[in-house]
Structure formats: C-alpha cells, structure tokens
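Here is a short briefing to read alongside your model. Take a look at the structure first, then walk through the points below.

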Amino acid sequence: GLLLALYIPNIVLTSVLTNDIVATFLFYLAFYLIICAPLNMKKALFIGFFLFLGNIIRPMASVILLALALYGLFILLSQQEKKVSFFISFGTIFLTFFTMSFGTDQLLLKTGLATQSGQSTNLYWKIALGLNQETNGKWNQEDYDYVTAGKTPTLRDKYAKQLVSKRLNAPKKLARLMKKKF
C-alpha cells in the first residue's frame with residue numbers, strides 16, 4: 001500500500017483514469033486472498049481470475065505478477081511446510097491468469113469483436129516516444145509517421161528500435177530529458 005501510495009503515475013493520473021478504482025479493488029482483493037490464509041488450489045484460481053479482471057480494466061499485471069513472484073519466492077515459500085503443493089498452487093495463479101488472458105484474446109479475435117490482439121503489437125513504440133528529447137517524451141506526429149511507415153509489425157518494431165538506439169546514443173541529452181520528466 002505504501003509503495004502504491006508513492007507510485008508517481010498513480011498520483012498524477014488518479015483524477016483522470018477513473019477505471020483505476022475498480023482495477024485497484026480487484027488487485028487488492030487478489031492480494032488479500034494471498035495473505036489472509038494458506039494458499040490452496042481454489043484460492044489460487046480466484047487470485048488468478050481477479051488479477052486477470054483487474055488487468056483487463058487497467059493493464060498493470062506485468063508489474064503485479066513480478067511482485068507476486070518475488071513475494072512468493074522470498075516470503076511465502078519460507079513459511080510453507082509442503083513445498084511441492086505450494087508450488088503447484090502458486091503456479092496455478094499464473095496459469096489461470098495467462099490462460100484466461102490468452103483465451104479471451106483469441107475469443108475476441110475469432111468472434112470478430114476485435115480486429116487485432118490485445119497483446120502489445122509494437123513493444124518499442126512507447127519507449128521510442130518517451131525518449132524523444134525534443135518533445136520531452138510526449139507524442140508527436142514525426143515519430144508516429146516514422147514508425148508507422150512500416151507496414152508490418154516487424155518493420156514497425158525495427159523502426160522504433162532505430163529511434164531508441166539513436167536516442168540512447170546521446171547520454172547528456174537523455175540525462176536532461178530524465179531530469180525534466182522527473
């Protein structure tokens with residue numbers, strides 16, 4: 001809770017992103033189930049389900065799943081007597097989350113409700129955009145036109161990586177940008 005209270009995007013964007021309220025409730029519900037009693041298979045299914053629902057509303061699962069994995073390995077594992085059953089139950093959380101995410105994605109694609117995958121299709125675009133020193137990391141038409149000139153996802157990734165590489169090669173400018181961003 002303390003780390004979430006100090007999480008800068010949460011402070012800056014709270015008044016804008018009202019969907020955070022429902023997603024945060026679902027994430028906290030999953031956290032509660034993790035810490036309130038010993039982990040079992042049934043609880044693990046619910047935890048994975050609540051993390052999945054929260055992620056649909058506000059995609060933050062990569063950070064949460066990493067934190068959960070570290071918590072499980074360093075805190076919960078030391079408290080468990082039956083290590084094998086713990087690993088099975090703990091793994092069920094991740095299996096449930098990823099199965100539901102993939103299944104929902106495929107269902108939306110197959111039914112035609114979505115034209116492209118909900119998974120990130122251009123992983124490097126946001127990084128390239130955020131490293132633009134001239135625009136202080138904000139969206140701009142020039143970067144957009146450069147990256148979207150690629151007609152395939154592979155080409156768009158290649159163009160975005162070129163921008164990232166170019167922008168990382170100017171450490172002084174990058175330091176000034178990070179200072180402005182902070």
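Predicted model: local features only at pLDDT ≥ 70, side-chain atom pairs only at ≥ 80, totals over all residues.

Residues are numbered from 1 along each chain as its sequence is written, and side-chain values use heavy atoms, with hydrogens and water left out.

**Helix 3**
- Helices are DSSP runs (H or I, at least four residues), numbered from the N terminus.
- The 17 residues of helix 3 (residues 20-36) should span 24 Å at 1.5 Å a residue, and the 23 Å between its end C-alpha atoms agrees with that; the expected span is 1.5 Å times one less than the number of residues.
- Asp20, Ala23, Leu26, Phe27, Ala30, Leu33 and Ile34 are the buried residues of helix 3, where buried means under 20% relative accessible area and exposed over 50% (1.4 Å probe, protein chains only).
- Seen down the axis of helix 3, these buried residues fall within an arc of 160°, so they line one face; the arc is that of the directions from the helix axis to the C-beta atoms.
- On the face turned away from the buried side, helix 3 carries the exposed residues Ile21, Phe25, Tyr32 and Ile35.

**Threonine 92**
- Threonine 92 is found in helix 6, and it counts as buried because its relative accessibility is 9%.
- Not counting residues up to four places away in sequence, threonine 92 touches Met41, Ala44 and Leu45; contact means heavy atoms within 4.5 Å.

Notes
Helix = DSSP H or I, 4+ residues; strand = E, 2+ residues; numbered from the N terminus.
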